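Here is a friendly look at the side-chain contacts in this model. Please keep the structure open beside the text as you read.

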Amino acid sequence: MKLDQSMRLRILAGLVIVVFFLALAIFAPLFVGRYPTPLDRDSFQLPPSDRHPLGTDRSGFDILTILVYGSRVSLLVGFASSAVAMLLGTSMGLVSGYYGRQVDQLLSRVTDFFLVIPWLPFVIIIAAILGRGLSTTIIA
């Protein structure tokens with residue numbers, strides 16, 4: 001498949017955006033300082049200023065700092081859940097293709113089952129069974 005110029009620009013733009021947010025999350029202390037502790041509270045609900053570019057929240061924390069540090073968790077959950085989905089999908093596809101017929105039919109029906117159940121209640125049930133935590137969020 002040959003890529004035209006506009007497709008290459010879109011791919012490059014997407015790559016630049018992902019690398020930017022990844023670098024921002026990894027090097028968060030360099031960009032916004034250390035993670036705030038309860039003792040680092042300034043004034044409550046300040047508007048945007050030079051010191052707080054996005055202002056402060058009701059607890060007195062800088063919103064930009066909390067946002068940048070929150071991107072670490074978001075990227076971790078996104079990449080980890082994508083990796084788990086790729087691993088499971090590839091494994092099921094390899095087993096299904098290798099054994100064929102009955103195994104293929106069984107795995108196809110299992111996949112169909114998970115595709116037709118309502119997603120939100122299923123995730124809530126998984127979270128209730130597995131308990132709270134980052135690994136539960138990734139699995140769910």
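## Aromatic pairs and a salt bridge

Phe 21 has a relative accessible area of 40% and is therefore partly exposed, a class between buried (under 20%) and exposed (over 50%), computed with a 1.4 Å probe on protein chains only. Phe 20, at 48%, is partly exposed too. This is a predicted model, in which local features need pLDDT of at least 70 and side-chain atom pairs count only at pLDDT 80 or more, while totals for chains, interfaces and linings use all residues. Residues are numbered from 1 along each chain as its sequence is written, and side-chain values use heavy atoms, leaving out hydrogens and water.

The structure holds 6 aromatic pairs. Rings of Phe, Tyr and Trp (its six-membered ring) pair if their centres lie within 6.5 Å; planes under 30 degrees apart are stacked, over 60 edge-to-face, and the rest tilted. Two of the pairs are set out here.

| Pair | Centre to centre | Angle between planes | Class |
|---|---|---|---|
| Phe 20 and Phe 21 | 5.2 Å | 70° | edge-to-face |
| Tyr 98 and Tyr 99 | 5.0 Å | 85° | edge-to-face |

Tyr 98 and Tyr 99 are both exposed. Elsewhere, Phe 113, Phe 114, Trp 119 and Phe 122 come together in one aromatic cluster.

How many salt bridges are there? The count is 1, taking a side-chain nitrogen of Lys or Arg within 4 Å of a carboxyl oxygen of Asp or Glu. Asp 112 and Arg 109 form this contact, at 2.3 Å from N to O. Both lie in helix α4 (residues 101-116), 3 residues apart, so about one helical turn separates them; helices are DSSP runs (H or I, at least four residues) numbered from the N terminus. Asp 112 is partly exposed at 35% relative accessibility, and Arg 109 is partly exposed at 46%.

Notes:
Helices (H or I, at least four residues) and strands (E, at least two) are DSSP runs, numbered from the N terminus.
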